[in-house]
Each structure stands twice: as structure tokens, then as C-alpha cells.
Amino acid sequence: MKIKTIPVCLLFTLAMLLMDGFTGTALARGNSGQSTFDTYFEKKSLRIDFALSGDVASQTAALQQLREEPLWGGPQRNLIDSSGYGGYYVNVYDKATQKLIYSRGFNTLFEEWRTTEQAKTEIQSWTNSVSIPYPRQEVVVEITGRDRKDMQFRTLLKTAISPASIFIDRGRLKDNKITRIQYTGEPSGKADLVFLAEGYTAAEQDKFEADARRFTELLFATPPYDTRRSDFNVWAVGLISEESGTDVSGKGIFRQTALNSGYYTFGLDRYLTTPDMKSIRDAVWNVACDAIFILVNAETYGGGGMYNFYAMGTADNERTAGVFVHELGHSFAGLADEYFTSEVAYDADFYPLDAEPWEPNITTLVDFGSKWADLLPAGTPVPTPLEDAYTDKVGVFEGGGYLAKGIYRPKVHCTMRDYAPFCPVCSRAIQRMIDFLSDK
Ligand SMILES: [Zn+2]
């Protein structure tokens, strides 16, 4: 998901509704918590690299590489992800009993590519990667993909993996400089945010560390993160690039950088991403990691973020702070874009209007009851008109998810639309994800 072209001027200064003590169900609860983890898993990771190939009509998945890595920073109690967020899921079953013992949803850049014009005329193959806690016994790992026609998940890959297999790479990778920006406790009980340096040369590593510290302060000055600082660890990994900056392919500029990032993703000048998931995963092999923000040493406006995959933004643009929390909204909490007036590379049917999108902060009204109906003030009409009585409150306002008609958002303004403060619906989704990742 990308950032909009021109931010709307913010005409209001209303404070965020306080989100203290929100009610509602959490994303997931491990039934028997820690003991389940110890029964099935060791405190290290199994990284699974796989290819996704296809076009607009279909996709397939194929295994590429398995790696044993030394840390598991994810939850140890919340092992089953019942949120339904994401275009894909990794499901892990105990082979002996067929019991589901781990699951987690995620998005990929490949699935966005599948909605572009290019995908109507050619087939591509992209590398992706997921990490799961390291199994003690043989497991069956399944990757499923969501079918946009009916929003259901279908199996793309299913394979048995023995933890003792000689086909698992157990080697070390490059030891990059890892800086603890903030440490509040054992990673399994914290949301571990990792900043990766992109486009910083060896001589610019001090700048990277200073930028990562500045971004950390920006995050924890932003509601609702400001009240949850003690639930986060923050790390910075100092990847060294040969050249400063990033690619601007539309202008013929190419830089030799650690993570092969660039603007002009899918032809959009401001859409800054990298398809190089292997290098990203190589960079975090020895750091606890629940969320990745790739900090790009550049000044030009741009960024991108995909749920439970990574987010990216530039260090030195005047709107850097807004882009950062917006993109992290996508990658950390699965939030959709609430804007609908900017150019995007997707077809109009990015969100089919006859299905309820999975993102928590938009609705097609197909199943609004599963969204923020419980946060609507009594008597609020659905849809909600843009009248003074409603415009500073939670409602169901038409326009969002790149479409002016047929998709609805919770508040007139929000970080996910125009860099205003997060609306209460997005705030709740962020809070719930912090709870999930910090094993609450
Ligand atoms: Zn919102």
C-alpha cells in the first residue's frame, strides 16, 4: 500500500479520542500459552523462503530455501493468528496429530503487482519469506493465498519439514552492527521493531543511528503508540551500502545499495519499495524482529508498507514523520489506505465491492458488523453524511481504499488518509496488534 500524492491540508485540530480501556476481542489467544510453545517449539526460528509466481488470473508457490536462525522474537503465547488479516497465511501443523500449532497472516508486494496492468500480459516470479518458531518435531507447513473472488484462503504450498533435515541451512550470515535503541524486556513479550539502514554508506552509519533514534521518538510521540512505549523493543541494523540514496529508475538513477530499493514501483514516482525480500531477511537473521522499517537515506517524498512484511520511508523529507507512521500503519497493524483521490497503479477492483475487505478500517458494508459498529455513537446514520454533526466523530463515511464510491472509512480524517491523527478505529487496531505481539 502506498502513500498518497498530495496530502490534504489539515483543517482541524481535534484531539484524538482517548482510547484508554478499549473493549473488544483481542486478535488471538493461545489456549494454553507458554506450555504449548515449549511442547512444539524451540526459541529460535525456521525461515522459509518461497517463490510466488503468476499473473492476474492465478498464482502458485514453490519452496526455495529453509534456514535455522538463532532467535525467536515473536509471541510465545499468541501462536494462532485469528485476525484474518492479510492476503496470505502460513499455517504450521504438528505432523503426528495434524493439530494447528502456529499461524500468521501477511501481505506481499507480489499480490499488489497482480492487480497492475502488467499482470494482465505477463507472468512474474517474486521471492518471499516467512519466519516461524523452530519446530521440535516434524511439521507440515502450509502457505495459503486469498482468492479475491470470494476472499477465501486456498492452499498454494504444503510440505512436511523435519527439524533435523540436512536440507536446512544452519550457517551464520553477515554480522551487521546491531544497536539497541530501546530495550524494555524479553523479545517474546515485546513488539520488536527493527530499523534497517538502506542507502547509508560506511561513512554515514552515525547518521543512520541518529535517524533511527529520531524516528523512534517520532513514533512514541504519536498516539496510540505514546501510551505503549514500554511494550516495544527497538533495534537498528547498520547495513552498509556502497552508494548513498536509492534508485530513481524513472529518471535513470541507479544506486548500489544494501536492499535494492527504489522509487517508481509499478511506475509510480512516490512508491518506494524493494522486491528483495531475501536481503531483508538476511539482514535480520540475528535480531528479534516483529516489524521492519527500512529507513532510506534520501530526501524525496516516498514510501510503502505491506502488512507483516515491511514498511519503508525516507529519512529526510519534510513529511517524513507522517509517512513513517502511515506506512507502519500498513505493515504493523494491517490498516488500509483511507484515501481515494490519488493516482494508484491498481485496477479499480483492488477491493471487490461485493466482499468485505479484511482490513479493520474500511468496509464495503457487506459485513460492517465485523468492523467498527461498536464504536459508532448512538443514532449515527450508516452511511454517515458529511454534516457538521458527524464530521468530528466516528461514522461510516463514503470514500476510502482508493475508491470514492462503495468503500467507507471510519472518520473524515486519519493518518491513513491525510496524516491527521489516527482515527479511533485505526488506534484500536494498533493497540490490538501491540497486545498480540507482546503476548498480552
Ligand atoms: Zn483510520
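Trainee: Where is Gln-98?

Mentor: Gln-98 sits in the loop between strand S3 (88-94) and strand S4 (100-106). Keep in mind that this is a predicted model.

Trainee: What is the phi of Gln-98?

Mentor: Phi is about 65° there, a positive value, although Gln-98 is not a glycine.

Trainee: And is Gln-98 buried or exposed?

Mentor: Gln-98 counts as exposed, because it has 8 C-beta neighbours inside 10 Å. The cut-off for exposed is 12 or fewer.

Trainee: Which residue other than glycine has a phi near 50°?

Mentor: Asn-308, and that value is positive too. Asn-308 is in the loop between strand S13 (303-306) and strand S14 (310-314).

Trainee: Buried or exposed, that Asn-308?

Mentor: Asn-308 is buried, since 25 other C-beta atoms lie within 10 Å.

Trainee: Back to S3. Which residues does Tyr-89 contact?

Mentor: Tyr-89 lies in strand S3. Leaving aside neighbours within four places in sequence, Tyr-89 is in contact with Ser-103, Arg-104, Gly-105, Thr-144 and Phe-153. Tyr-89 is buried, with 21 other C-beta atoms within 10 Å.

Trainee: Let's zoom out. How many helices and strands does the protein chain have?

Mentor: The protein chain has seven helices and 16 strands. Its C-alpha atoms fill a box of roughly 65 × 50 × 50 Å along the principal axes.

Trainee: What does the radius of gyration say about the protein chain?

Mentor: The value is 21 Å, which agrees with the figure near 22 Å that a compact globule of 440 residues would have. Of those 440 residues, 48% count as buried.

Trainee: What share of contacts join residues at least 24 apart?

Mentor: 67%, counted among contacts between residues at least 6 apart in sequence.

Trainee: Domains next. Which ones does the assignment give?

Mentor: The assignment gives domain 1 (1-22 + 174-345 + 379-440) and domain 2 (34-169). Their centres, taken over C-alpha atoms, are 23 Å apart. The contact takes 23 residues from domain 1 and 26 residues from domain 2.

Trainee: Which elements give two or more residues on the domain 1 side?

Mentor: Helix H4 (277-283) and helix H7 (424-437) do. H4 supplies the largest share of that side, three residues. By type, the residues on the domain 1 side divide into 13 nonpolar, five polar and five charged.

Trainee: What about the largest nonpolar core, how many residues?

Mentor: The largest nonpolar core has 104 residues. Those with the most contacts inside it are Val-194, Leu-196, Val-237, Ile-292 and Leu-295. H7 gives the largest share of this core, eight residues.

Trainee: Why does this core lie between domain 1 and domain 2?

Mentor: Because both domain 1 and domain 2 give residues to this core. As a general point, nonpolar side chains tend to be buried together in soluble globular proteins.

Trainee: Which residues does Val-237 touch?

Mentor: Not counting residues up to four places away in sequence, Val-237 touches Asn-176, Ile-178, Val-194, Leu-196, Ala-197, Ala-283, Val-284 and Val-287.

Trainee: Where are the cis peptide bonds?

Mentor: One joins Pro-223 and Pro-224, with omega about 5°. Pro-224 is in the loop between helix H3 (205-220) and strand S11 (232-238). The peptide bond from Val-382 to Pro-383 is also cis, with omega near -10°. Pro-383 lies in the loop between helix H5 (320-333) and strand S15 (397-400).

Trainee: Where is Phe-254?

Mentor: Phe-254 is in the loop between S11 and H4. With 14 C-beta neighbours inside 10 Å, Phe-254 counts as partly exposed. Not counting residues up to four places away in sequence, Phe-254 touches Asp-247 and Ser-249. The C-alpha atoms of Phe-254 and Glu-243 are separated by 9.6 Å, and these residues are 11 apart along the chain.

Trainee: Last one. What is the mean pLDDT of the protein chain?

Mentor: The mean is 92, and 91% of the residues reach 70 or more. Over residues 5-26, though, the pLDDT is below 50. Beyond near neighbours in sequence, that stretch has 30 contacts in the model.

Notes:
Residues numbered from 1 in each chain as written. Predicted model: local features only at pLDDT ≥ 70, side-chain atom pairs only at ≥ 80, totals over all residues. Helix = DSSP H or I, 4+ residues; strand = E, 2+ residues; numbered from the N terminus. Rg over C-alpha atoms; globule rule 2.2 N^0.38 Å. Buried ≥ 20, exposed ≤ 12 C-beta atoms within 10 Å, placed from the backbone. Contact = placed C-beta atoms within 7 Å. Domains from an automatic or database assignment. Nonpolar A, V, L, I, M, F, W, Y, C, P; charged D, E, K, R; others polar. Core = buried A, V, L, I, M, F, W, Y, C linked by C-beta atoms within 7 Å. pLDDT = per-residue confidence, 0-100.
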